[in-house]
Amino acid sequence: MKSSPLLRLLCLACLALAAAVAQAATTPEAVSVRYKDPQHFTEATRSRGVHLVNPDAYLAPLKAHIVQRASRILAPGQRLEIEVTDVVRAGAYEPWRGPDFNDVRIVKDIYPPRIDLDFTLYGADGKVLRQGQRKLRNAAFLSSSSPADQDSLRYEKSLIDLWLRRGTGSL
């Protein structure tokens, strides 16, 4: 049986509508992300002198990523609260390389990203479904990323994605 182009277009439109409805079922407001004392994060204590990094430069985009990804896995009515307690970005500055490398973050296996967090998942009825602490690590972070990805937070975002990919039942 040969399908008409109009029928295929109608099926695609229905699939797009279903995806949009599923996406809208859980709003980003259902995810709350806070940073606990970001000035004491390991990343902040490493950032000084010529290597001084504005924490908002990486914490704001990381928060937006967490909210976006976490809202995808929640069932309607569920709520997830996350408190990030420490962040260590992948790579480090190596001052012995000289002044030409002052602004260059060297990314090697010996400088993996780390994110520590506490979370609480609430059901639609407001009861706590799951809560705990997580220390997100990936020693093989360099082999699991694409060389084409130029996002400066790609390794940290990957940690979040690996954690959330398991779904709410395995947070």
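Two strands count as paired if DSSP finds at least two bridges between them. Helices (H or I, at least four residues) and strands (E, at least two) are DSSP runs, numbered from the N terminus. The model is predicted: local features need pLDDT of at least 70, side-chain atom pairs count only at pLDDT 80 or more, and totals for chains, interfaces and linings use all residues. Residues are numbered from 1 along each chain as its sequence is written, and side-chain values use heavy atoms, with hydrogens and water left out.

Strands β3 and β4 (residues 128-137) run antiparallel and are joined by nine bridges. R114 stands opposite R137 of β4. Five residues lie between the strands of this hairpin, where G126 takes a positive phi near 90°.

Helix α3 covers residues 55-73; its 19 residues should span 27 Å at 1.5 Å a residue, and the 27 Å between its end C-alpha atoms agrees. The expected span is 1.5 Å times one less than the number of residues. Buried residues (under 20% relative accessible area, 1.4 Å probe, protein chains only) of α3 are Y58, L59, L62, H65, I66, V67, A70 and S71. Their cover includes β1 (31-35), α2 (42-46), β2 (79-88), β3 (114-122) and α4 (154-164).

A nonpolar core is a set of buried Ala, Val, Leu, Ile, Met, Phe, Trp, Tyr and Cys residues joined through side-chain atoms within 4.5 Å. The largest has 28 residues, and L80, I82, V84, I115, L117, I160 and W163 have the most contacts inside it. Two or more residues each come from β1, α3, β2, β3 and α4, with α3 giving the largest share, six residues. Contact means heavy atoms within 4.5 Å; not counting residues up to four places away in sequence, W163 touches I82, L117, F119, R134, L136 and L171.

Note on methods
Buried means under 20% relative accessible area, exposed over 50%, partly exposed in between (1.4 Å probe, protein chains only).
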